[in-house]
Amino acid sequence: MVDTVPDDFTPSLGIADAEGLEDVCDGRIELEGLPNTRDIGGIPAAGGCYVKHARLIRSGALAGATARDLETLVDEFCVRTIVDLRIEEERREKPDPEDELPGVKFEYAPLLNTATFGVTREGGLHGMMKMLKAVQDDPAQIMMKVYASMMVDEKSIEGFAAFFDDVLAADEGAVLWHCTVGKDRAGLATALLLHILGASRADIVRDYEATNRYVASHTEDIVDQLARYHLADKLDKSIHIINAADPRYLQAAFDAVEQRFGDLDAFVRDRLGVSCEKRAALRERYLTPDPLG
C-alpha cells in the first residue's frame, strides 16, 4: 500500500450498465458490493481549476464492501481517511470495516438522521413500512422539508463543521465520506464541499443527480420485499420518490440556508467555520489546473 497518490495516477473509472448512459462519466468506482461510490475528481471548480482525482470520494455505507473492494479503495484510490456521517445507532447496526483497514483513519461527523422525521431506510421491512406510511400523502414535499431541516439543524451544523475539519486535516491520500445509501447526507456534504471549491450550481446538481443511476437496484429490492405482502402497488410511487436524488430536495436545502443565514457563503463561513483561510487551504489541497490531474 502506498501513502500518497502517485503523480501519474489515473483512476479506473466506470459506470454501471444502464441503457442510454454508456457515454456518461461521473466518477463511479466499479466495486463488487458498493453500488454508489464515486470519485468527484474532474468537476470544474474555482479559477479554471478542477477537483483532483482520487482525493475526494463519496459513498454509501461500507458494510457491504468485499475484501476486493476495500483493497481497491486503499491501494488504487489511496483512501486514508473515512468520515461516517451516520448517527451512532446506524453505526452499531452496520459498522464500518475498521478492523480490515488498519492503515485508515476513521472519523465521525453525524448529521441529523432522516429517521428523526419518520423517514428512514434502516430497520428492515417494518422500518420501511413505518417510513412509507409517514410520507405517502406527499412524499416529495416531505423530503423537501427533511432536506431543509437537515441543513439548518444545530446537530447537523456541528456534523458539517466536523466533516470539513476532517477533510482539511487529511493531508495524505483520499478522503471518503458516506451515509447509508450515499444520497441524502453524503449528497448534502458533497454539495457544500463542491460549493466551497467553487463548482457551479449546475455541476453540483449534476453530481447529486448521478446517484439515480446507482440506487435503482436498492429501490427494486424494497419493492420486491413489499410485493411479498401485496403492498408494492399501493406504495410503489412513494418508494421511488423517496429514493430519488431529486434536484428539488437539494434546492430546498439551499433555500432554507438562504432564508436563515442570508446566503450559502455566509453559512459555511459563520456557522460551519470554513473561514476564508480554510476555503483557500481546501482549494489549494484539492484543486488542480489539470482536468486529468
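Predicted model: local features only at pLDDT ≥ 70, side-chain atom pairs only at ≥ 80, totals over all residues.
Hi everyone. Residues are numbered from 1 along each chain as its sequence is written, and side-chain values use heavy atoms, with hydrogens and water left out.

The protein has twelve helices and seven strands, which are DSSP runs numbered from the N terminus (helices H or I, at least four residues; strands E, at least two). Of its 293 residues, 53% are buried, meaning under 20% relative accessible area with a 1.4 Å probe, protein chains only.

Now to α7, residues 201–209. Which of its residues are buried? They are D203, I204, V205, D207 and Y208. These pack against β1 (38–39), β3 (56–59), α4 (139–152), α6 (185–197) and α10 (247–261).

Two of those partners, α4 and α6, also pack on each other, at an angle of about 60 degrees and with axes 11 Å apart. Axes here are lines fitted to C-alpha atoms over the stretch in contact, and angles run from 0 to 180 degrees between N-to-C directions. The two helices are therefore oblique to each other: angles under 35 degrees count as roughly parallel, over 145 as roughly antiparallel, 65 to 115 as roughly perpendicular, and the rest as oblique. On the α4 side, Y147, M150 and M151 make the contact, and on the α6 side R185, L188 and L192. Thanks, everyone!

Definitions and conventions: Buried < 20%, exposed > 50% of the residue type's maximum accessible area, 1.4 Å probe, protein only. Contact = heavy atoms within 4.5 Å.
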